[in-house]
Amino acid sequence: MNRTIIEKIWDTHCVADLGDGSYLIYIDRIFLHERTGSIALKGLEEAGRVVRNPEHVFCTMDHIVDTFPGRTDRTTMPGGTEFITTTREAALAAGINLFDLGDDRQGIVHVVSPEQGIALPGVTLVCPDSHTCTLGGLGALAWGIGSTDGEHALATKTLVVKKPRTMRVSFDGALPYGVTAKDLILHLIGRHTASGGVGFAIEFCGQTIRELPVEARLTLCNMAVEFGAWTGIVAPDDTTFEYVRGRPYAPAGDQWELAVRHWQSLRSDPEARFDREIRIDSRDIVPQVTWGTSPQHETGIDGRVPDPADEPDANKRQSVERALDYMALEPGTPLEGIPIDAAFIGSCTNSRLSDLRSAAQVLEGRHVAPGIKAICVPGSSRVKRAAEDEGLDRIFTRAGFEWRESGCSMCFFAGGESFGDRERVVTSTNRNFENRQGPRTRSHLASPTTVAASAVRGCLTDVRTLEN
Amino acid sequence: MEKFSQLTAIAAPIMRINIDTDAIIPSREMKRVSKIGLSDGLFAGWRYLKPGSREENPEFILNQEPYRQAQILLSGANFGCGSSREHAVWALSEWGIRCIIAPSFGAIFSGNCVRNGILPIELDNEIVEDLAAQIKTDPEGNKISIDLPRLSVTAPDGTSYPFSIPPADHEMLLQGLDSIAITQKRDPDILAFQQRDRQSRPWLY
């Protein structure tokens, strides 16, 4: 029978068919962080349950910890210290692997798990965090869950999951200059809406995807959830195997050959049927930027703020009107040239070494415009060190960027550090929701190169127009 | 977990699309490692006049009578998209919401609802819009009735609409079951799976 990669991984992990489309699925790896992992571990303990396979469970500190140099358990987030200390105590008591503050394996959960070789092709991996779908970029079947399901996975090593429908999204053609994986996924969401993927597991494929390095595939899959999808995945190939080889938790020796043979079978059969197909010509895509308060509110950097009057559907029209009011933008305004107050590079979407390199390339020999608050937060302690080893930190700081310790930082506002009231931020993160990055903060999502170029000019900028 | 069977209640329409869990409970309102004490932060960005304040915004529907007694929410498509935070469901539940009716839901949010005794019902957008219109003419009198055993929603005008949810979720809500306890009964299956899997994928053990 012809099967998709999603069905192949599903079948390998099926413990029991529960009937009517629900299955008991074996979970290979579980990752936790101090924001939601704390409550899952505490809930488990209060129910008198234990972690079934603590050796397969990992935990890092990323959401609540500060990213200032010299940070401690104290944080600017009100009540934040309790999240850090509760997580630490519960993790140590449960005997799971903890990447604590000061540990060089610490970092943003979805940056750390590929970096350490914990997320691998063909594994099922869950985390009480919606961006767990990131790890599909390695060929893992990975998805975000709530804290109760987190307890379920910890206690039983399984989850009850409804089998998703399947969608294939093909990107063909070479990526134009200045266009990145971030632009591909924003373009997809803009065309097919933030609920276009609801109920689906998505395989991303096509020539464009095959030519993407693993870190870019992680960026692509990271925002599958912003498309409403259950998860996204890219079939593992030689590029993936080269990336995984030699990482701390990756298979080695005889096990490596065995694993690669298995991983090579993880591709959709030529005749496999998907419930939905979308084809996109990558050559048509330009750098993307959002103008509203949903990732679907986006267009090319050469576009204009839309006019709600052009929207026939009443719900969508209201959504656009509300977004423009929040963003303080007038219909018809060209996006390029909208003045910004701040620029942010970081988050599980775009904080890996390749992201920092691409931004640094734009920033080298340049400086951010006067009055712009610019911050770069490497995705993990190892990314930070690797970037410093090649001098990227000096490029960022000379250009006027702050250079921080790793963590989720200002991707979201939790009562601590934020961009100010009504500040306009161009950001390499994944969510432009109302108040996401600060009270009444206005977020424009874009790639790290677009963020860097915009910081230099002090306004939303088409990176293709900067002189080389 | 509280059982769900029948419910006839005041419903509050918040007819926006893509209401995300950051809007349902902003991260700044999650101040403790706890599942309780969250209802105060429910929809904080819309419910209060200023960030961090508790001064009610009279324009927001849940600050108005009789919607303060609402046990049902109506909304546009993709309700609960975004962050996986189960705090969104804990806050709704503590505030008094037992059922949400929308054309579609964020996947993680919908699962979180079922695990906490909240019933997520998917109905076509036109039907949800019609229910909202009926409610607005008389919010107190025009209640909505949910019959979970029969899988039907009855509008104030008497029209009934069938809905579907996965049978496992149906059972869990009807009986108020704990999903972990149910799965733990399958422990021998899980052990057998692990033994087989250890042979075929030894690099993961």
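This is a predicted model: local features need pLDDT of at least 70, side-chain atom pairs count only at pLDDT 80 or more; totals for chains, interfaces and linings use all residues.
Residues are numbered from 1 along each chain as its sequence is written, while chains are lettered from A and ligands numbered from 1 in the order in which they are written.

Chain B has eight helices and eight strands; helices (H or I, at least four residues) and strands (E, at least two) are DSSP runs, numbered from the N terminus. Its C-alpha atoms fill a box of roughly 65 × 40 × 25 Å along the principal axes. Of the 205 residues of chain B, 43% are buried. A residue is buried if 20 or more other C-beta atoms lie within 10 Å of its own, exposed if 12 or fewer, and partly exposed in between, with C-beta atoms placed from the backbone.

Helix H8 of chain B covers residues 187-200. None of its 14 residues is buried, so H8(B) lies largely in the open.

Chain A is assigned domain 1 (17-161 + 250-259) and domain 2 (291-465); such bounds come from an automatic or database domain assignment. The C-alpha centres of these two domains of chain A lie 28 Å apart. In domain 1 of chain A, 22 residues are in contact with 20 residues of domain 2 of chain A, where contact means that the C-beta atoms of two residues, placed from the backbone, lie within 7 Å. Helix H4 (residues 109-115) of chain A gives the most to the domain 1 side, with four residues.

The contact between the chains takes 63 residues from chain A and 46 residues from chain B. On the chain A side, the largest share, seven residues, comes from H5(A). By class, the chain A side has 24 nonpolar, 25 polar and 14 charged residues. Ala, Val, Leu, Ile, Met, Phe, Trp, Tyr, Cys and Pro count as nonpolar, Asp, Glu, Lys and Arg as charged, and the others, Gly among them, as polar.

Helix H6 of chain A covers residues 181-192. Because 10 of its 12 residues are buried, H6(A) is largely enclosed by the rest of the structure. Among the buried residues are A:Leu184, A:Ile185 and A:His187. The buried residues of H6(A) pack against several elements of chain A, including strand S9 (165-172) and helix H8 (214-222). After H6(A) comes A:Thr193, whose phi is positive, near 70°.

Methods: The expected span of a helix is 1.5 Å times one less than its number of residues.
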